[in-house]
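Visitor: I would like to learn how to read the features of a model like this one. Where do we begin?

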Amino acid sequence: MMDACNICNDPQGAPVYKSARPVSITSLCQVLDGLTRVWHCANCGHTQTAPLPVLEKFYAEDYHILTASEEEDQLYAVRAGQKIFRTEHQVATLLEKLDLPPNAQVLDYGCGKAATLKALRGHRDDVVPHVFDVGKQYRDFWNAFVPAGNQAVNEVPKEWAGRFAAVISFFALEHVAEPKAFVAEARRLLHDGGTFYFLVPNLFANTADLVVADHVNHFSESSLHRLLSDAGFAVREIDDTTHNSAWVVVAEKTNVNSEPIPATSVADKVNTMAEYWREFGDRVRAFEKVNDAEAAIYGSGFYGTFIHASLDRAKSVECFLDQNPHRQKQTLLDKPILAPEALPETVRRLYVGLNPRVAREELAMMDWPQELEVFFP
Ligand SMILES: [Zn+2]
């Protein structure tokens, strides 16, 4: 159970969302046992998910995000036929927002492969890279560009306190059960005036974030502001436009805390999203009932997996479709992931497993067989 808000400690009442089946889906599209349960805090605007009991084991053993190869990367956007990958966009944004001094000591905290830090070094080879994560499965990637003494697993060396001009973090804080401890640690490692720069998902731009089982924290502008100002940071920027479906946050270690911002309630928005997900499985099954022709699911990410898990007869799904060439080499739930152009001729039904904000637009960019019946999320 969740007794109190992760950010402001306010007592939590009834959950706003509980999954219909005792099955939960992670951000890496793994289907795990256990209910997904989500609470919203009206006091600070934070939304939080009860950590799955299996979560700790999951990070230590199963959480191999994009470790298949060095080049593997998530597709960020397709613009004018050009594919833009996530790391490339993240480093461009970082360079735009962060004014790093020459020879800056930079720590990627909760870094995974540390792909953005590596790409940053491609633009700024004076930057002194450091990495930290829980679990040593990424060592091979770090060894390519981070001296061994600048790598830390599970525990940060004592002498790193107060060392850094910037602590950067990409999509880590949403996973941690104690975000206040994470932020306090970032502050401890920065020198005075240093910058804490991080990205976390923006629930309000991607509704799936509400039901992703391994995202414990779903931030709003006000809960981010509260978290940082309570920890002794001056909030410089909370940007919801530069990175799709994410908050880009810039905060400075100071001795003057930010003034609280007036709380704008996001409770109605969160409740609307919870209702959407409560009904989602029923909508999928209503479409499924019409006939049992062969089907495909467009999108091999979270939405596609959620659709697959909602079906009564998942057998009718022949394949997933995905534009990301890295995904096309893989399988999901034992089914092949194909390029959209490779849609088998026998498939008559298509479930679109994409963010509903972009689903129709993205589908309209391609040619599809006339007779294809389509489910939109
Ligand atoms: Zn709260």
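Guide: Begin with burial: a residue counts as buried under 20% relative accessible area, as exposed over 50%, and as partly exposed in between. The model is predicted, so the values below are computed from predicted coordinates. Isoleucine 7 has a relative accessible area of 1%, so this residue is buried.

Visitor: Where does isoleucine 7 lie?

Guide: Isoleucine 7 lies in the segment before strand S1.

Visitor: What share of the 377 residues in the protein chain is buried?

Guide: Buried residues account for 53% of the 377 residues.

Visitor: How do I read the overall dimensions of the protein chain?

Guide: Compare the radius of gyration with what a globule rule gives. A compact globule with 377 residues would have a radius of gyration near 21 Å, and the protein chain agrees because its own value is 21 Å. Along the principal axes, the C-alpha atoms fill a box of roughly 65 × 45 × 35 Å. The secondary structure comes to nine helices and 21 strands.

Visitor: Which residues coordinate the zinc ion?

Guide: For a metal site, read the donor atoms, then the angles, then the spacing in sequence. The zinc ion is coordinated at 2.3 Å by the SG atoms of Cys5, Cys8, Cys41 and Cys44. The angles among the four donor atoms run from 101 to 116 degrees, and the site is tetrahedral. In sequence, the donor residues follow the spacing C-x2-C-x32-C-x2-C.

Visitor: Are cysteine 41 and cysteine 44 buried or exposed?

Guide: Cysteine 41 has 1% relative accessibility and therefore counts as buried. Cysteine 44 is at 4% and so also counts as buried.

Visitor: How many disulfides does a search of the whole structure find?

Guide: The test is a distance between sulfur atoms: a disulfide is a pair of cysteine sulfur atoms within 2.5 Å. The search of the whole structure finds zero disulfides. Cysteine 29 is in no disulfide, and the nearest cysteine sulfur to it, that of cysteine 319, is 16 Å away. Cysteine 319 is likewise in no disulfide, with the sulfur of cysteine 29 as its nearest cysteine sulfur, at 16 Å. Cysteine 29, at 8% relative accessibility, therefore counts as buried. Cysteine 319 is buried because its relative accessible area is 1%.

Visitor: How many aromatic pairs are found in the whole structure?

Guide: The search finds 20 aromatic pairs. Read a pair by the distance between ring centres and the angle between planes; over 60 degrees counts as edge-to-face. The rings of phenylalanine 287 and tyrosine 351 have centres 5.1 Å apart and planes at 70 degrees, so this pair is edge-to-face. It links distant parts of the chain, with phenylalanine 287 in helix H7 (residues 267–290) and tyrosine 351 in strand S20 (residues 349–352), 64 residues apart. Phenylalanine 287 and tyrosine 351 are both buried.

Visitor: Which aromatic cluster includes Phe287 and Tyr351?

Guide: One aromatic cluster is formed by Tyr276, Trp277, Phe280, Phe287, Phe302, Tyr303, Phe306, Tyr351 and Phe375.

Visitor: How should I read a positive phi?

Guide: Most residues other than glycine have a negative phi. Asparagine 9 has a positive phi, near 65 degrees. Asparagine 9 is found in the segment before strand S1 (17–18), and at 48% relative accessibility it therefore counts as partly exposed.

Visitor: Where is asparagine 103 found?

Guide: Asparagine 103 is in the loop between helix H2 (86–97) and strand S8 (105–109). Asparagine 103 has a positive phi of about 60 degrees although it is not a glycine. At 51% relative accessibility, asparagine 103 counts as exposed.

Notes
Residues are numbered from 1 along each chain as its sequence is written. This is a predicted model: local features need pLDDT of at least 70, side-chain atom pairs count only at pLDDT 80 or more; totals for chains, interfaces and linings use all residues. Side-chain values use heavy atoms; hydrogens and water are left out. Donors are N, O and S atoms within 2.8 Å of the metal (3.2 Å for Na, K and Ca); water is not among the atoms, so sites may look incomplete. Four donors count as tetrahedral if all angles lie between 85 and 135 degrees; four count as square planar and six as octahedral if opposite donors are over 155 degrees apart and all others between 65 and 115; anything else is irregular. Buried means under 20% relative accessible area, exposed over 50%, partly exposed in between (1.4 Å probe, protein chains only). Rings of Phe, Tyr and Trp (its six-membered ring) pair if their centres lie within 6.5 Å; planes under 30 degrees apart count as stacked, over 60 as edge-to-face and the rest as tilted. Helices (H or I, at least four residues) and strands (E, at least two) are DSSP runs, numbered from the N terminus. The radius of gyration is taken over C-alpha atoms; the globule rule is 2.2 Å times the number of residues to the power 0.38.
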